[in-house]
Amino acid sequence: MTTATQADAAGKVNYEFTHTINGKAETSKTSFDVINPATATAFAQCPDATKIQLNRAVASARRAFPGWAKKSFEERRAYLHKFAAAVRERSEELAALITREQGKPLSNALREMAGTANSLEQMANIELKDEVLRDDGKNRISMHFRPMGVVGAITPWNVPVGLASHKIAQALYAGNTLVLKPSPYTPLSTLLLGELSRDILPHGVFNVVGGGNAVGQWLTKHPGIDKISFTGSVATGKRVMESSSGTLKRVTLELGGNDPAIMLDDVDIAGATAKIFNGAFGNCGQICMAVKRVYVPEDLYEPVLEAFAQLARNHRVGEGFEPDVQMGPLQNKMQYDKVLDVLEDTKRQPGVRIVAGGHPLNRPGYFLEPTIVGDIGDNTRLVTEEQFGPILPVLKYTDLKDALARANDTTMGLAASVWTKDIEKGAKVAAQIQAGTVWVNHHVGSEADIPFGGFKQSGLGREHGVMGLQAYMEPQIINVPLQQ
Ligand code: NAD
């Protein structure tokens with residue numbers, strides 16, 4: 001396994017990454033380059049699954065389904081705990097591969113791996129109980145949750161293994177079998193996770209296939225798939241929903257966010273700016289629930305802007321393996337170009353102030369300085385779109401009602417935060433924001449026992465918690481007459 005993460009002097013990883021189909025390794029005749037975003041050069045190859053291979057993966061998952069569904073929650077819990085232990089044991093290797101293909105600092109990749117193991121365990125610790133809905137002497141009506149069948153999971157490139165782990169844990173613990181397709185930008189760590197599972201899970205229960213967007217589309221159209229669990233952009237989410245409709249697949253969509261942070265006038269400036277900064281620039285701004293806009297009372301505007309600027313100037317940007325680095329590159333050229341385009345549009349806005357950053361780094365790779373933007377209008381791309389990069393607009397307000405209206409004036413509604421010394425007031429303001437999760441004095445976080453998902457176009461359904469688990473199952477009503 002070690003060779004999968006070790007690079008030669010030229011930075012290349014000479015390892016044959018494979019799909020996991022029916023518990024066995026498979027290669028493909030064709031493969032594609034995987035790029036290290038810190039150097040903008042290819043470092044390894046990902047096998048590109050054919051339709052026949054995808055069909056085989058779905059068929060093996062179908063064959064494995066009845067046996068897996070028959071196992072008790074306790075039995076499936078034991079498997080997932082064993083998988084979590086194996087992940088923990090290999091987390092340094094997996095983390096190194098994440099840093100190489102995704103770009104994030106190694107310390108963050110290690111956190112992603114710790115989160116992966118925790119998520120596999122925590123989800124499998126949830127107790128799902130049958131419910132008696134009526135028991136009145138005439139009828140006993142109860143509700144039970146049954147496994148659905150085969151789940152198709154499709155994941156993005158920002159948190160490749162962490163986000164995959166949520167889907168693996170929920171799908172398998174619920175009693176379904178799984179075919180998982182990672183993003184073509186960051187497929188290798190997930191392929192390695194599949195490799196790791198081969199000695200632990202019964203064959204066919206967990207399949208991983210590498211490939212481009214076409215493989216994702218085949219999965220959403222496949223008649224052998226019962227549910228699609230998708231995490232990615234709003235635009236792709238809509239396409240996924242459309243192509244899943246052919247066989248009325250169940251869908252869970254975890255999509256984008258344009259998440260506001262609202263500071264109230266009693267805020268602790270130093271504490272809040274530091275936390276909001278981390279919430280905005282973690283993973284180079286490439287987090288669905290990251291802070292994407294900050295609203296600040298007019299009287300506090302200049303000191304807050306300067307505090308953010310100081311944090312940005314001191315933030316260490318570099319290759320993920322460099323010691324003490326806090327932020328890596330953007331993950332891929334397409335995203336880098338998109339963020340640079342938003343930056344150029346921002347610079348063209350009348351009266352705008354770039355108070356820190358604003359430039360790419362003078363080195364190979366997709367690096368951009370952490371950038372703080374002041375005095376920008378509401379109707380600009382930086383404010384209305386999900387920038388998904390290291391640029392933060394800081395916006396002024398005079399009236400809280402007006403700030404709330406502006407925060408809610410978006411088609412998205414994933415997450416948000418309110419910042420104040422008065423926790424009760426914070427909770428009241430939080431309730432007025434249209435978003436699936438609103439934190440007070442905190443931003444960004446995900447726990448396996450707490451439901452997560454978006455209002456409006458940020459998604460459909462929820463992942464995590466009992467609610468998330470139930471979304472991977474079919475509720476069944478058993479209605480028994482007690483008198484004949
Ligand atoms: P993307 O939508 O471009 O791709 C996501 C996945 O979908 C990839 O595996 C891709 O190959 C696949 N895909 C592409 N076209 C497809 C199609 N027609 N049918 C089926 N599959 C297809 O997203 P991305 O750029 O990889 O990720 C970034 C986006 O993900 C951002 O908008 C971010 O906010 C969002 N995201 C959301 C969450 C959440 O939990 N809500 C978490 C992380 C990222």
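What percentage of the 484 residues of the protein count as buried? In this predicted model, the share that counts as buried is 57%.

**Figure 1. The whole protein and its dimensions.** The predicted model contains 15 helices and 22 strands. Along the principal axes, its C-alpha atoms fill a box of roughly 75 × 70 × 40 Å. A compact globule of 484 residues would have a radius of gyration near 23 Å, and the value for the protein, 23 Å, therefore agrees with that expectation.

**Figure 2. Contacts across the sequence.** Among the contacts in the protein with a separation of 6 or more, 72% involve residues 24 or more positions apart. Of the residues of the protein, 57% count as buried.

**Figure 3. The packing of helices α5 and α6.** Helix α5 spans residues 160–173, and helix α6 spans residues 188–197. The two helices pack at an angle of about 45°, and their axes lie 9 Å apart. Angles from 65 to 115 degrees count as roughly perpendicular and those under 35 as roughly parallel; α5 and α6 are therefore oblique to each other. Their crossing is right-handed.

**Figure 4. Residues at the contact of α5 with α6.** On the α5 side, the contact is formed by Pro 160, Val 161 and Ile 168. These residues meet Ser 189, Thr 190 and Leu 193 in α6. The residues of this contact comprise four nonpolar and two polar ones, with no charged residue.

How values were computed:
Residues are numbered from 1 along each chain as its sequence is written. This is a predicted model: local features need pLDDT of at least 70, side-chain atom pairs count only at pLDDT 80 or more; totals for chains, interfaces and linings use all residues. Side-chain values use heavy atoms; hydrogens and water are left out. Axes are lines fitted to C-alpha atoms, for helices over the stretch in contact, and angles run from 0 to 180 degrees between N-to-C directions. Helices (H or I, at least four residues) and strands (E, at least two) are DSSP runs, numbered from the N terminus. Angles under 35 degrees count as roughly parallel, over 145 as roughly antiparallel, 65 to 115 as roughly perpendicular and the rest as oblique. A crossing is left-handed if the near helix is turned anticlockwise from the far one by less than a right angle, and right-handed if clockwise. Contact means heavy atoms within 4.5 Å. Ala, Val, Leu, Ile, Met, Phe, Trp, Tyr, Cys and Pro count as nonpolar, Asp, Glu, Lys and Arg as charged, and the others, Gly among them, as polar. The radius of gyration is taken over C-alpha atoms; the globule rule is 2.2 Å times the number of residues to the power 0.38. Buried means under 20% relative accessible area, exposed over 50%, partly exposed in between (1.4 Å probe, protein chains only).
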